[in-house]
Amino acid sequence: MNTTAVILEGPKTLGLGQVTLTDPGVDDLVVDVRHSGISTGTEKLFWSGQMPPFPGMGYPLVPGYEAAGEVVEAGANTNFKPGDTVFVPGANCYGDVRGLFGGASNRLVTPAERVVKIDADMGPEGALLALAATARHAVAGLDTTLPDLIVGHGVFGRLLARLTLAAGGKAPTVWEIDADRAKGAAGYQVIHPDEDERRDYRCIYDASGVSSLLDTLVGRLAKGGEIVLAGFYPEPLQFSFPPAFLREARFRIAAEWTRDDLVATRDLITHGALSLSDLITHSVPASEAENAYQTAFEDPACLKMILNWENAA
């Protein structure tokens, strides 16, 4: 099978092209993608050429790990059937073209064990499941503390705030330096960091991915407080030791989601505990992919860009 996919040939060199799909097996699904999201974290680093060494990286590649679509073929050993709506966290099925992360494609082949069934009514919001699951992974689990300060009010910061409220936590403060991005809060306060005088935060979640912020954040901690590194950082992280020493600061790295996070987040959405509304600001046909990626990465007004793959074959 051949299909149309976004192909990143090198830094800032991207467009649609034809790729050959690997043949599906009895454990695989063939999925027609309806919507795929553009990540402003890791995908931006690949697009810009700033990604540090990472397993599987290299060009050319099909980017994207946020895809929602319909099963058109289901292997005999799967529990899916044609017509199921699913979320697919990327795929590696393009022969000589790398699948990192492989979700920005009109059609893909993937092991069924990677896929999560979702409600068809989610529409484009179905492509946001991995990002929501990443936020859920950061706040859930043993020995985790809910944030009382979140740095950054992009989509990820908003999801962290919404999950904090869904977990019964106290409304966090959110820092944002862009006036437009500061809008859209529901049940929590968004302020410019210069307007915040607090120096006693118990737990700060950084959703900005800005490597140079650590000293600033340490200065806002209470004694014994924790900083959760929830972004992805292209540069080495460093901080001044004496202020962190005086506060007995703790640092935690929030890893990516697991399948359990995908399922748990799907269930939160299904039961109305978590909303993905008002996060998608831009949606364009996949044929406009080249401009869409640039907009997603360079326009601060773009919270989330979605590619629509209908009629893109």
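A residue is called buried when its relative accessible area is under 20%, exposed when it is over 50%, and partly exposed in between (1.4 Å probe, protein chains only). The views below show a predicted model, in which local features need pLDDT of at least 70 and side-chain atom pairs count only at pLDDT 80 or more, while totals for chains, interfaces and linings use all residues. Residues are numbered from 1 along each chain as its sequence is written, and side-chain values use heavy atoms, with hydrogens and water left out.

**View A. Asp278, a residue with positive phi in the loop between H6 and strand S14 (282-285).** Helices (H or I, at least four residues) and strands (E, at least two) are DSSP runs, numbered from the N terminus. Asp278 is not a glycine, yet its phi is positive, about 60°. With a relative accessible area of 64%, Asp278 counts as exposed. Most residues other than glycine have a negative phi, and most peptide bonds are trans.

**View B. The hairpin of S1 and S2, with Lys12 in the turn.** Strand S1 (residues 2-10) and strand S2 (residues 13-20) pair in the antiparallel sense over 8 bridges, where pairing requires that DSSP finds at least two bridges between the two strands. Asn2 has Thr20 of S2 as its bridge partner, and 2 residues lie between the strands of the hairpin. Lys12, in the loop between S1 and S2, has a positive phi near 60° although it is a residue other than glycine, and its relative accessible area of 53% makes Lys12 exposed.

**View C. Helix H6 (residues 259-270) and its crossing with H2.** The 12 residues of H6 reach 16 Å from the first C-alpha to the last, close to the 16 Å expected at 1.5 Å a residue, the expected span being 1.5 Å times one less than the number of residues. Asp261, Leu262, Ala264, Thr265, Arg266 and Ile269 of H6 are buried, and the buried residues of this helix pack against strand S5 (85-88), strand S7 (116-117) and helix H2 (129-139). The axes of H2 and H6 come within 8 Å and cross at roughly 105°; axes are lines fitted to C-alpha atoms, for helices over the stretch in contact, and angles run from 0 to 180 degrees between N-to-C directions. The two helices, H2 and H6, are therefore roughly perpendicular to each other, a term for angles of 65 to 115 degrees. Among the residues making this contact (heavy atoms within 4.5 Å) are Leu129, Ala133 and His137 of H2, together with Asp260, Leu262 and Ile269 of H6. After H6 comes Gly272, whose phi is positive, near 80°.

**View D. Asp84 and its polar contact with Lys117.** Asp84 is located in the loop between strand S4 (67-74) and S5 and counts as buried at 5% relative accessibility. The side chains of Asp84 and Lys117 make a polar contact (3.5 Å), that is, a pair of N or O atoms within 3.5 Å, of which, within protein, one must be able to donate a hydrogen and the other to accept it, while residues adjacent in sequence count only if both atoms are side-chain atoms. Not counting residues up to four places away in sequence, Asp84 touches Gly69, Glu70, Val71 and Lys117.

**View E. Gly103 in the loop between S5 and strand S6 (107-111).** Gly103 counts as buried, at 0% relative accessibility. Gly103 and Val88 are 15 residues apart in sequence and, C-alpha to C-alpha, 7.2 Å apart in space.

Methods: Angles under 35 degrees count as roughly parallel, over 145 as roughly antiparallel, 65 to 115 as roughly perpendicular and the rest as oblique.
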